[in-house]
Amino acid sequence: MSETFGVDSLITDTADRLFSQICDHESVQNAELNGEATEIWNAFAETGFPWISIDEKFGGSGGTLLDALEVLRLVGYHAAPIPAAETGVLGGWLLASSGQQLPEGVVTVLPSGSEDLLVTRNGDHLTLTGRGLRVPWARAAEIIVVPIQVEEQTFAATVDPDDCQITPMTNMAGEPRDTVDFNQVEAFAAPLPSDVNLQTFRFRGALSRTALMAGAIEKMSQLTVSYTNDRVQFGRPVAKFQAVQQHLVWGAQDAALARMAAETAGREANRGDGAFEIASAKLIANQAAARATKACHQAHGAMGMTQEYPLHHLSRRLWSWRKEYGGDAEWGSWLGRVAVSQGADGLYPLITGGSAALT
Amino acid sequence: MRFTPTELTEEELDLQQQVRGFLLEELPPGSHEPCLGMAARKDKDFSLKMADRGWVGMALPKEWGGSDRTAVDRFIVVEEMLRWGAPVGHHWVADRQTGNVILKFGTQEQRERFLPAICRGELGFSIGMSEPDSGSDLASVSTKAEETTGGWIINGTKIWTSGAHENDWFVCLLRTSPMEDGNKHAGLSQLLIDLKSPGLEISPIPFLDGSHHFNEVTFNEVFVPETNVLGDPGMGWHQNTTEMAYERGGPDRWLSPFSTVEQLLREAKGTELEATVADLFGELVARWWGIRNLSLSVARLIDTGEAPSVESSLVKEMGTRFEQEVIEKLVHLIDLEYSPESESLFERLLAQCVVTFPGNTIRGGTIEILRSVASKGLKGLPA
């Protein structure tokens with residue numbers, strides 16, 4: 001692993017080594033078949049990595065958002081089947097921002113917030129009724145965090161999963177994305193500061209997926225370079241054929257583009273805003289995922305279409321993550337409104353200055 | 001391969017503001033027909049004004065008339081010029097590559113003779129690579145230079161030479177000793193040739209839209225003094241490869257359609273078209289932001305003394321395809337029948353892009369050649 005901008009290389013090296021040991025092809029495959037990966041999670045949790053960027057006084061491990069995103073990039077790179085984003089930069093962030101202590105185990109978050117729920121308020125308690133869809137690893141969570149807006153105030157509501165009915169479901173990669181039914185469930189609700197709201201939560205979710213995707217695309221590109229240099233047809237490695245080189249180059253470009261976008265967006269988010277960069281990075285990662293999965297699958301031929309070969313752990317995650325926390329249309333349209341509102345003279349200053357040009 | 005995120009320093013942002021201020025004064029929007037990237041009009045007066053500010057040959061050392069600025073500083077000036085559609089054609093080649101190559105491989109006498117004049121914005125250079133039988137297979141060039149008393153005699157033909165009819169000098173890749181079996185890269189040399197030399201004939205090869213960029217340059221017993229050999233005879237291939245690295249990965253490989261896109265927004269503002277273009281603009285600003293960050297990180301890498309040839313090939317391959325994609329998206333979205341004579345500036349520019357942009361993925365090394373260069377440098381899984 002090469003050095004990552006603004007991140008302690010010890011984090012990169014340690015996380016990379018850990019995942020190399022605990023996330024091989026077989027263990028990732030087993031996690032999908034069994035619907036859980038307790039051993040992988042326990043090894044991950046033992047290092048304190050899930051809680052990086054969360055203040056120690058709330059039970060976190062300290063460190064910066066950039067450090068946490070670097071761990072997520074490696075989670076994506078190794079296709080680690082664990083709720084790292086939900087426990088840390090999403091759920092943990094909502095809990096700590098509202099002054100709540102983190103539990104010791106898995107935290108998950110309702111990705112859509114409370115938009116599908118009926119909420120009634122009773123002092124610092126809320127009663128929730130309705131259905132939350134595609135909730136990551138709800139089956140394994142100690143707490144489900146629901147970001148809720150009631151009038152002008154946003155709350156981090158916490159729900160005990162035992163009070164809900166959880167139906168195991170999966171995304172296209174076989175990762176747990178459960179259906180959670182709330183039937184008059186009591187939730188404790190703590191108010192969030194004004195800069196933590198449903199919109200900033202949406203951006204934060206997109207940022208987490210962008211980091212995961214950057215890692216997965218990079219691994220996929222490397223896997224494809226290795227495979228095509230090993231695979232011999234017509235008497236030479238297929239990587240020597242110009243038609244195959246096209247796929248290798250396109251995969252490598254998208255890996256570079258997605259990682260650059262994710263790291264730059266992380267840098268700006270770590271400074272406190274980065275809306276333009278995050279929106280751009282998620283859109284870039286979405287499109288890079290589409291192009292790179294196509295190129296890498298084509299270069300692998302039939303081998304890439306089998307379960308026994310690890311390409312699908314990456315490509316199916318990318319197809320799923322592309323749609324999580326905002327697909328192409330959502331971010332394209334948000335960015336388009338921003339771009340058009342800058343007017344012709346403001347267009348290039350927006351490209352060079354990013355969020356800073358908007359204030 | 002690693003693209004490390006970077007950003008502009010306070011001083012660099014200052015430079016960006018200076019360049020924007022200069023352009024606003026010299027070429028206020030609406031006062032000029034924007035050029036489409038590096039295929040820009042030649043306007044020697046404009047080049048001289050830029051040179052006055054130290055923005056031509058700016059990365060060259062002060063002792064040779066340059067400003068000792070960085071590759072990133074040059075990146076900033078170039079990107080602002082190109083996005084503005086400024087007429088940078090006169091000094092373009094000298095500023096991007098010839099100055100660097102003369103500094104790196106030239107003799108003391110050549111540096112004295114050419115570099116200060118390049119930095120003053122005076123000299124225009126052409127590049128002599130392609131021949132009737134040598135395109136992508138550049139090492140097969142057969143235009144010959146034969147040694148004679150005090151210099152070389154040249155015979156042969158170069159084609160698709162941009163700007164030879166307007167420029168002063170020609171950096172030419174020539175065969176100075178016969179092709180050896182199995183090593184076609186040996187025996188090539190670069191010569192600096194005065195385009196006014198006796199026996200050198202320049203005739204236009206009209207561009208597909210009828211305009212005059214390309215030329216055929218024929219050499220009929222053209223004498224070139226030995227002091228005009230650039231670098232060591234026989235090292236031409238290596239020098240030429242180095243030169244190409246300067247050519248790749250910069251803003252000229254991804255900004256060509258920008259003026260067209262900007263003009264669309266200018267003309268669509270407040271009309272029904274505004275809502276239609278909004279989603280497209282979202283995607284375009286994201287892609288430009290992403291590619292620019294990659295391209296900027298290549299410039300930063302050059303400033304640390306590295307020669308990021310794989311990275312710059314990847315950026316050029318991607319950037320030039322992106323340029324074509326931008327135009328295709330506009331064509332798809334805009335239901336107009338545009339032509340080079342349309343009343344609307346946007347339509348005129350779009351028509352020009354449609355007709356000339358197929359060349360973007362060809363010039364300076366086709367994307368197929370770039371893929372072959374880049375793929376050799378790609379790394380697989382860590383061992």
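User: In which helix of chain B does B:Leu333 lie?
Analyst: B:Leu333 lies in helix α9 of chain B; helices here are DSSP runs of H or I with at least four residues, strands are E runs with at least two, and both are numbered from the N terminus. The model is predicted: local features need pLDDT of at least 70, side-chain atom pairs count only at pLDDT 80 or more, and totals for chains, interfaces and linings use all residues. Residues are numbered from 1 along each chain as its sequence is written, while chains are lettered from A and ligands numbered from 1 in the order in which they are written.

User: Is B:Leu333 buried, exposed or partly exposed?
Analyst: B:Leu333 counts as partly exposed because it has 14 C-beta neighbours inside 10 Å. A residue is buried if 20 or more other C-beta atoms lie within 10 Å of its own, exposed if 12 or fewer, and partly exposed in between, with C-beta atoms placed from the backbone.

User: Which residues is B:Leu333 in contact with, leaving aside neighbours within four places in sequence?
Analyst: Its contacts are B:Thr276, B:Val277 and B:Leu280; two residues are in contact if their C-beta atoms, placed from the backbone, lie within 7 Å.

User: At what angle do α8 and α9 of chain B pack?
Analyst: Helix α8 (residues 273-303) of chain B and helix α9 (residues 309-333) of chain B pack at about 165°, and their axes are 11 Å apart. Axes are lines fitted to C-alpha atoms, for helices over the stretch in contact, and angles run from 0 to 180 degrees between N-to-C directions. The angle makes α8(B) roughly antiparallel to α9(B); angles under 35 degrees count as roughly parallel, over 145 as roughly antiparallel, 65 to 115 as roughly perpendicular and the rest as oblique.

User: What is the handedness of that crossing, and which residues meet?
Analyst: The crossing of α8(B) past α9(B) is left-handed. A crossing is left-handed if the near helix is turned anticlockwise from the far one by less than a right angle, and right-handed if clockwise. Among the residues that meet are B:Leu284, B:Ile291 and B:Leu294 in α8(B), and B:Met318, B:Phe322 and B:Val326 in α9(B). By class, this contact of α8(B) with α9(B) has twelve nonpolar, four polar and three charged residues. Ala, Val, Leu, Ile, Met, Phe, Trp, Tyr, Cys and Pro count as nonpolar, Asp, Glu, Lys and Arg as charged, and the others, Gly among them, as polar.

User: Changing topic: how many residues of chain A are in contact with chain B?
Analyst: There are 42 residues of chain A in contact with 41 residues of chain B. On the chain A side, α6 (198-230), α7 (242-271), α8 (275-300) and α10 (328-353) each supply at least two residues. The most comes from α10(A), with 16 residues. The residues of this side divide into 23 nonpolar, 15 polar and four charged.

User: And which residues touch the most other members of the largest nonpolar core?
Analyst: They are A:Ile144, A:Ile217 and A:Ala258, in a core of 226 residues. A nonpolar core is a set of buried Ala, Val, Leu, Ile, Met, Phe, Trp, Tyr and Cys residues joined through C-beta atoms within 7 Å. The largest share of this core, 16 residues, comes from α8(B). Leaving aside neighbours within four places in sequence, A:Ala258 is in contact with A:Met213, A:Ala214, A:Ile217, A:Ile284, A:Ala285 and A:Ala288.

User: What about phi of A:Glu151?
Analyst: Phi of A:Glu151 is near 55°, a positive value in a residue other than glycine. A:Glu151 is placed in the loop between β4 (143-150) and β5 (153-159) of chain A. A:Glu151 is exposed, with 6 other C-beta atoms within 10 Å.

User: And A:Tyr325, is that one buried or exposed?
Analyst: A:Tyr325 is buried, with 24 other C-beta atoms within 10 Å. A:Tyr325 has a positive phi of about 50° although it is not a glycine, and is found in the loop between α9 (311-323) and α10 of chain A.

User: Last one: where is B:Cys35?
Analyst: B:Cys35 is in the loop between α1 (10-26) and α2 (44-52) of chain B. B:Cys35 is buried, with 23 other C-beta atoms within 10 Å. B:Cys35 and B:Ala86 are 51 residues apart in sequence and 6.1 Å apart in space, C-alpha to C-alpha.
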